[in-house]
Amino acid sequence: MSENADVFLKKLWEENPVFVQLLGMCPVLAVSNSVVNSLAMGLATTFVLICSSVLVSLLRNHIPKQVRIATFIMIIATFVTLVEYIIQAISLDIHKALGAFISLIVVNCIILGRAESFASKNPPGKAFVDAVGVGVGFTLAILSMGSIREVLGSGSFAGVDLFGAGYEPWIIMILPGGGFFVLGALLLAVNKINRSRKVKA
Amino acid sequence: MNTDSLGFIFLSSCLINNFVLAYFLGICPFLGVSGKYETATRMGIAVTFVMLVSSACSFVIHLILVRLGANYLQLVSYIAVIASTVQLVEMIMKKYSPALFRALGIFLPLITTNCAILGVALFQTNREYSFPQSLVFALGAGAGFTLALVLMAGIREELDLTEVPDLVQGTAMTLMVAGILSMAFMGFAGLGGS
């Protein structure tokens, strides 16, 4: 059990898919302009990641090597279609806000990366833990982006007003340019923390 | 200006709603391949070509799927078309231009997971573009992608020669530059509606 916990924590921080491996940047930048959007995106991606990892891992001995990438993409696309209909059923507003980016989970390199480099070589149990770790890591990353951008850009958190009417929103933060700036600043912070940790150790 | 005219669609997908800097599509190659001016140009051309072909294919597929009433297959079939187009481009390039094939190397298969290409297919379906409109939209998106990539490569080549603090080097720096580029592109919004 402790081994699993280790794997989980490692995926979460030291190998965080967004901040350290720099994968899956597109959705992180595109839908992180509010807390609700980024949470929905994080959960949807985690769901697809877990389902496809477990399925790929179950089928790992039956998929011919030559067509494995195509097979993985088909599996992922199936789950993404499923998620798209689920989100549409739960909340039309979120479906509208995320738009084409739900479908674009298919080409999120994190999911294909985990399928290719981990799930296709390990038993389902391990693949599940790995997927949960990576998924939660991704959700945390996109959620921190979303929080910073919404607080600065619209002065609210998940739609709740924080600063009152006197606050002049920092509009650039919810526009595309702000996404790049916030992600750049977060990467800097992660670099800094990791470096000072290394110096100590 | 008429928002449905071909010229406007081109301008809009290329500059006003630039795929990389306004929609954040194709960020991976944007960060990964923008180190050198030459590879950036080649990558841009390859992506534009795949975009055009897959845009034409997905237009036809959409028509067939609507007739069959099988919309839920849209995503699966689009991605299959894109993957096979990339494979095709790879084979053609290998036969007729081995030099370019070697230069692009690993980036060629990676075009499959370039979200900009799937993005083009999905957006043109959502906006119900006609066939010529779709093609022009794909061309504009490709041109915009190439433009962003080449601009970025130019800036990064200059940055290599300057002294940058140790901590900022690498992706953090690239993202900051991208932010400034994106702000510059916001200026094009003045050209017309969304």
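The largest nonpolar core holds 99 residues, and Ile76(A), Val106(A) and Leu118(B) have the most contacts inside it. Such a core is a set of buried Ala, Val, Leu, Ile, Met, Phe, Trp, Tyr and Cys residues joined through C-beta atoms within 7 Å. Buried residues have 20 or more other C-beta atoms within 10 Å of their own, with C-beta atoms placed from the backbone. Helix α8 of chain B (residues 131-160) contributes the largest share of this core, 10 residues. Helices are DSSP runs of H or I with at least four residues, and strands are runs of E with at least two, numbered from the N terminus.

The model is predicted: local features need pLDDT of at least 70, side-chain atom pairs count only at pLDDT 80 or more, and totals for chains, interfaces and linings use all residues. Residues are numbered from 1 along each chain as its sequence is written, and chains are lettered from A and ligands numbered from 1 in the order in which they are written.

Ile76(A) is in contact (C-beta atoms, placed from the backbone, within 7 Å) with Val48(A), Ser52(A), Val106(A), Ile111(A) and Leu112(A), leaving aside neighbours within four places in sequence.

Between the chains, 31 residues of chain A are in contact with 32 residues of chain B. On the side of chain A that touches chain B, α9(A) gives the most, with 11 residues.

Chain B comprises 9 helices and 0 strands. Buried residues account for 41% of its 194 residues. The C-alpha atoms of chain B fill a box of roughly 60 × 45 × 25 Å along the principal axes.

Methods:
Two residues are in contact if their C-beta atoms, placed from the backbone, lie within 7 Å. A residue is buried if 20 or more other C-beta atoms lie within 10 Å of its own, exposed if 12 or fewer, and partly exposed in between; C-beta atoms are placed from the backbone.
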